[in-house]
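Hello,

Here is the structure for you to look over. My notes on what turned up follow below.

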Amino acid sequence: MSTSESSSEDHGGEVKRRDFLYIAAGGFGALTAGSMVWPLIDNLNPAANVLALASVEVDLSKIEVGQSILAKWRGKPVFIRRRTAEEIEQAQAVPLDDLKDPQTDEERTEEGHEEWLVMVGICTHLGCVPQGTKVGENRGDYGGWFCPCHGSHYDTSGRIRKGPAPRNLEIPAYAFLDDTTIRIG
Amino acid sequence: MHPSRSFEPKNGFVKWFDQQLPILTVLHGALVAYPTPKNLNYWWSFGSLAGFMLAVQIVTGIILAMHYTPHVDYAFNSVEHIMRNVNYGWLIRYVHQNGASFFFIVVYIHIFRGLYYGSYKAPRELLWMLGLVIYLLMMATAFMGYVLPWGQMSFWAATVITNLFSAVPLVGDAIVTFLWGGFSVDNPTLNRFFSLHYVLPFVIAAVAILHIWALHIPGSNNPLGIEVKGPQDQIDFHPYHTAKDLFMLSVLLIVFMGVVFYAPNYLSHADNYIPADPLVTPAHITPDWYFLPFYAILRAVPDILFIEAKLAGVIAMFAAILLLFALPWLDKSPVRSGTFRPLFKQFYWLLVIDVIVLGFAGARPAEGAWLIAGQVGTVYYFVHFLVILPLLSRIEKTRPLPESISQSVLSKQASA
């Protein structure tokens, strides 16, 4: 020991073969430990079966104008509302300056299918399911949805108008397979 | 004067055992011969009581886990099975459910005792911080335990609390998906919460041992907040405090068992006896009472500059707890005990009232007068710790401290 110490002193700041061994061994050790830690962390992310259930088809043919339904996608509620002409007009007439999270109604619907509003039914505040889909539920001050947990009001386009929620209700990726069927996800 | 100070076993086997593994010497030093200031009042019993509540929760919890099924399809029914079929299952479950509340009651009294008597000050900063670590672990454990019965409140509490992390910029949603193990609170979430709910109490027990270890280095603080000057200021833990703590334990048990037998659901929500439904949110979600002050802070904060309300609320809530870690350096007054700090004492009780008001505000919907009460309460909470305490330690004229514990105790006796 004493000889190696004194010899390293003799060489001053020079890089030695032993330094290389230390760094190489330490580096590989850290890499090995890291590669063992990652599986322990990543196992908590969604498993393959959860990811496999990522899309769902919904039949819209039985929904009348003015009605809404609740579909389930990835374990979350999805609001599908067949909006009245009045509701669409109301949503399109809102100036963007009035919005906390500015988005036009056109950006939130499919072209040619403006009647249909498809949204993830989860309040962007802390994840409650807003009311306003079922008949007789409180639709809030803007005729859309109202979240009872912390009082967020959404309009007929699902945009946040009042309350603590920071963003509009999320629009999931969806596509019209034909005029009365959509696939979400 | 102190015949029991050192451990001297007479039995040959005990002597042989303790020489090779001196665990009995350690226990004797901690529970029998541990010298304590002789002026400790009943508020000093709550540390022992907290240890007792931890033991109750671990024992009842291990038994409950033998009958419980952590699966979304069976969890709710398995809890009902425990309540209806398992021998004494109703008793063990009610003790565990209410035990969480009483653990928090005991710990809150323990914390507020420390706040009044300045027990967080040097040389006990690390002791105080270890206590806060235990408190944080307790909150995590209690929250995950609340989710296990898989009722409506379980499910929606899990949803709301995990969604707090979605406020983190950029990676928020990825964190939430990671916590859930899916795209919503579901079976993977329930499974991992069960696993963690089982293991965290043992982590708490380990930190509690460190907490006691750190306590026994400087010894206990006392109501006068002055240093122990010598053996004349002290008495042994046993029999004096073992007896005193046992008396307090019986007081605690009278109240605790009163609730368990006569009002077992008083502290919980009726909605949690409705099975979890991911498509229907209960009209009014509130956490259990022990989280209410923090819940009020979460909801009190509006948009601040470029930080949106949701993130600001989350930051404020976590700050309210993490702030306490800095307390030993915020309150720099050299006098520990509130007894000798006329101004501090008044602000201390204002803080107590403030936390209670926050608790009530947290239980109400965040609107109208209660929202304002929550906002005022939140502001005072932060002002108390960040402005008032640092200021007081500079300007306050404290009352003269007694010369010694012994002298103070004897003069009280003389005047009586």
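**Domains of chain A**

In chain A, the C-alpha centres of domain 1 and domain 2 lie 56 Å apart. Domain 1 covers 1-45 and domain 2 covers 51-184. These bounds come from an automatic or database domain assignment.

**Ground rules**

This is a predicted model: local features need pLDDT of at least 70, side-chain atom pairs count only at pLDDT 80 or more, and totals for chains, interfaces and linings use all residues. Residues are numbered from 1 along each chain as its sequence is written, chains are lettered from A and ligands numbered from 1 in the order in which they are written, and side-chain values use heavy atoms, with hydrogens and water left out.

**Aromatic pairs**

Over all chains, there are 34 aromatic pairs. Rings of Phe, Tyr and Trp (its six-membered ring) pair if their centres lie within 6.5 Å; planes under 30 degrees apart count as stacked, over 60 as edge-to-face and the rest as tilted.

One of them joins B:Tyr116 and B:Trp349. This pair is tilted, at 6.5 Å centre to centre and 45 degrees between the planes. B:Tyr116 sits in helix α5 (residues 89-116) of chain B and B:Trp349 in helix α14 (residues 342-363) of chain B, so the pair ties together parts 233 residues apart in sequence. Helices here are DSSP runs (H or I, at least four residues), numbered from the N terminus. B:Tyr116 is buried at 13% relative accessible area. B:Trp349 is partly exposed at 48%. The cut-offs: buried is under 20%, exposed over 50%, partly exposed in between (1.4 Å probe, protein chains only).

B:Tyr381 and B:Phe382 form an edge-to-face pair, with centres 5.6 Å apart and planes at 80 degrees. B:Tyr381 is buried at 7%, and B:Phe382 is buried at 17%.

Ring pairs also build a cluster, which includes B:Trp44, B:Phe112, B:Tyr116 and B:Trp349.

**Charges over rings**

A:Arg81 lies over the face of A:Trp145, 3.9 Å from the ring centre. The test is NZ of Lys or CZ of Arg within 6 Å of the ring centre and within 35 degrees of the ring normal.

**Nonpolar cores**

The largest nonpolar core has 123 residues. A core is a set of buried Ala, Val, Leu, Ile, Met, Phe, Trp, Tyr and Cys residues joined through side-chain atoms within 4.5 Å. B:Leu115, B:Tyr381 and B:Phe385 touch the most other members. A second, separate core has 14 residues, among them A:Val58 and A:Trp73.

Best wishes

Conventions: Helix = DSSP H or I, 4+ residues; strand = E, 2+ residues; numbered from the N terminus.
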